[in-house]
Amino acid sequence: MSEKFRLSDFEPIIREVVESGGEFVMKTHGTSMLPLLHDGSDSVVLASKSYFEIGDVVFYKRPNGQYVLHRIVRKRADGFVMRGDNQIINEYGITSEHIIAVMRAFIRNGKRTDVSDADYQKYVSTLKLRYRKKKIRAFITSAKKKLESPFKEKGDK
């Protein structure tokens with residue numbers, strides 16, 4: 001039998017582990033970090049970091065209490081711009097106070113891949129191009145829908 005736990009119950013433990021120099025490992029959930037992290041099958045290794053850089057994947061708590069694992073895509077005076085690798089919408093207003101830990105590695109099928117690994121670095125280097133392609137696809141899809149809608153008859157789907 002599988003029990004469900006609230007992540008908020010583990011936040012103090014995660015903080016204690018990473019702030020003492022340890023690593024905290026947990027399963028990922030959701031699709032926002034695809035293709036890097038697979039829902040429910042991959043784990044992330046979280047650690048402490050005194051400063052954050054563009055490209056870091058961080059585990060943070062939104063002001064509404066939701067926990068998220070996303071990538072820092074830009075730094076601004078008022079905080080970080082965050083985005084999941086599988087998303088095109090940016091999130092604003094996340095500051096270092098919201099960040100609990102940084103991803104040091106991920107584990108897939110028992111194999112650990114550190115963020116310093118060459119294959120991981122190669123993946124990260126492709127993200128800007130992937131993002132641009134997704135934005136273009138979304139724009140084209142939206143434009144097609146707008147162009148088609150005036151010509152549809154009532155009852156057409």
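Me: Which element gives the largest share of the lining of the second largest pocket?

Reply: That is α3, with five residues. Helices (DSSP runs of H or I, at least four residues) and strands (E, at least two) are numbered from the N terminus. A word on the numbers: this is a predicted model, where local features need pLDDT of at least 70 and side-chain atom pairs pLDDT 80 or more, while totals for chains, interfaces and linings use all residues. Residues count from 1 along each chain as its sequence is written, and side-chain values use heavy atoms, without hydrogens or water.

Me: What makes a residue part of the lining of a pocket?

Reply: A lining residue has an atom within 4 Å of a pocket point. The pocket itself is an open set of points on a 1 Å grid over the protein atoms alone, where a 1.4 Å probe fits, with protein on both sides within 12 Å along at least five of seven lines. The second largest pocket holds about 600 Å³ of space. It has 28 lining residues, and Ile54, Gly55, Arg71, Ile72 and Val124 are the closest to its centre. Two or more lining residues come from each of β4, β7 (99–108), α2 (118–125) and α3 (127–148).

Me: How many residues of that lining are charged?

Reply: There are 11 charged residues, beside 12 nonpolar and five polar. Charged means Asp, Glu, Lys or Arg; nonpolar means Ala, Val, Leu, Ile, Met, Phe, Trp, Tyr, Cys or Pro; the others, with Gly, are polar.

Me: And what is the lining of the largest pocket made of?

Reply: It has 15 nonpolar, seven polar and five charged residues. The space in the largest pocket is about 720 Å³. Among its 27 lining residues, Leu7, Met26, Lys27, Thr28 and His29 lie closest to the centre. α1 (7–19), β1 (24–27) and β4 (67–76) each supply at least two.

Me: Why is Phe139 called exposed?

Reply: Exposed means over 50% relative accessible area, buried means under 20%, and partly exposed is in between (1.4 Å probe, protein chains only). Phe139 has 60%, so it counts as exposed. It lies in helix α3. With Ile136 and Ile140, Phe139 makes a nonpolar surface patch of about 320 Å². Patch residues have over 30% relative accessible area and no salt bridge; nonpolar side chains are joined within 5 Å, like charges within 9 Å.

Me: How do you know that Glu11 and Arg15 form a salt bridge?

Reply: A salt bridge needs a side-chain nitrogen of Lys or Arg within 4 Å of a carboxyl oxygen of Asp or Glu. Here N to O is 2.9 Å, and the pair qualifies. The two are four residues apart in helix α1, so about one helical turn separates them. Glu11 is buried at 13%, whereas Arg15 is partly exposed at 24%.

Me: What makes Lys49 and Asp56 a salt bridge, and is each one buried or partly exposed?

Reply: Their closest N and O atoms are 2.8 Å apart. Lys49 has 23%, so it is partly exposed. Asp56 has 13%, so it is buried.

Me: How far apart are the closest N and O atoms of Arg76 and Asp78?

Reply: They are 3.0 Å apart, and this is a salt bridge. Arg76, at 39%, is partly exposed. Asp78, at 44%, is partly exposed.

Me: How many salt bridges does the structure hold?

Reply: It holds 12. Some form a network that links Glu23, Arg104, Arg112 and Asp114.

Definitions and conventions:
Grid points are joined across faces, edges and corners, and a volume is the space filled by probe spheres set on the points. Accessible areas come from the Shrake-Rupley method with a 1.4 Å probe; for residues, only the protein chains shown count as cover.
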